[in-house]
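Let's take a slow walk through this one together. Have a look at the picture first, and then we'll go piece by piece.

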Amino acid sequence: MPEILEAEVARCLIEAAALDRPIQDVHAPDPWFLKGGCTPAAVREALVGRRCTRARRRGKLLCCDTDRGGPTLGLHLGMSGRVIVDGTAAGDPLRYAPNGEDPAWVRFGLRFADGGHLVLRDPRRLGAVRLDPDEDRLGIDAFSLRLGDLRPLLRASRAPVKAVLLDQSRIAGLGNLLVDEVLFRAGVDPARPARTLDPAEQRRVARAVSDTLRILGRRGGSHTGDHIEARRPGGRCPRDGAELVRRTIAGRTTYACPVHQR
DNA sequence: GATGACCTGTGA
DNA sequence: TCACAGGTCATC
């Protein structure tokens, strides 16, 4: 599913292919998909005639600024959303999500005056579009997370370390798969109360976040982790061969190695 | 901070 | 036919 890596790929696609093209029409066939109280008519009114000037990202949220004082268009991919510009989709096929092309899955689109279009396709309908999203509700972007940012977050919480890493208001961008991969690499049990991590473990987690984003980013997304293939009942740890333990932590399915994640 | 609802395609 | 996947939000 889309996490920060998929969002970044989508941002790059928008930046490369959708900026500075006048918006001629807005396609919003699914009012439910529009959040923050806006309607298809309001979005059309706000965007038609403008151009996107910049594509930014904070965590998993895509922000497209528009010209002449227009609103920022916020796009969220939910768990199955993909951005498509002129028929080209960003990134690899998604795991746990359909990858077909059913037109009914198009939840939102911009048609440009030149005839091209930007589309958000989301079979599961858990994505969202809104105008002027509140970006400050999100914490520090995971790409810029440093040990000095992470340490106080961990020290301040009795919740499982996994819950802290998943909390978008503290660290923006990490989803279920990336967090499991990070803790796998760091050798830390996801259920450990965050504040019980010692300085060496804090360092390993901070390092694992940046390593994981860099390495999986190069490989092509959050579904390319070392840990992912073992992510099934009976799966074995690729590091030491132990059978992974499946639990629910922070409300999410969690796989961890009972031998080296302590 | 934890839990369940939201939504729907997939695979058993 | 049904459990399950998961990001986010409302509610406890």
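Helices (H or I, at least four residues) and strands (E, at least two) are DSSP runs, numbered from the N terminus. This is a predicted model, so local features need pLDDT of at least 70 and side-chain atom pairs count only at pLDDT 80 or more, while totals for chains, interfaces and linings use all residues. Residues are numbered from 1 along each chain as its sequence is written, chains are lettered from A and ligands numbered from 1 in the order in which they are written, and side-chain values use heavy atoms, leaving out hydrogens and water.

Let's begin with the DNA. Being near a strand means having a heavy atom within 4 Å of it, and α5 (176-186) and β13 (252-256) each supply at least two residues of the surface near DNA strand C. In total, 18 residues surround DNA strand C, and the closest are H76, M79, L126, R246 and R252. Sorted by class, that surface has five nonpolar, six polar and seven charged residues. Here Ala, Val, Leu, Ile, Met, Phe, Trp, Tyr, Cys and Pro count as nonpolar, Asp, Glu, Lys and Arg as charged, and the others, Gly among them, as polar.

Which part of the DNA faces the protein? Of the atoms of DNA strand C within 4 Å of the protein, 62% belong to sugar or phosphate and the rest to bases. On the phosphate side, an N or O atom in the side chain of R246 sits 2.7 Å from a phosphate oxygen of DNA strand C, and for T253 the distance from such a side-chain atom to a phosphate oxygen is 3.1 Å. As for the bases, a polar side-chain atom of R124 lies 3.4 Å from a base nitrogen of DNA strand C.

Now for a sheet. Five strands make up an open, antiparallel sheet in the order β1-β7-β8-β5-β6, where two strands pair if DSSP finds at least two bridges between them. At its edges are β1 (23-27) and β6 (88-89), each pairing on one side only. Inside the sheet, four bridges join β5 (residues 82-85) to β8 (residues 117-121), and V85 stands opposite L118 in β8.

R68, in the loop between β3 (61-66) and β4 (73-76), has a phi near 50 degrees, a positive value in a residue other than glycine.

Conventions:
Polar contact = N/O pair within 3.5 Å; in protein donor to acceptor, adjacent residues only side chain to side chain.
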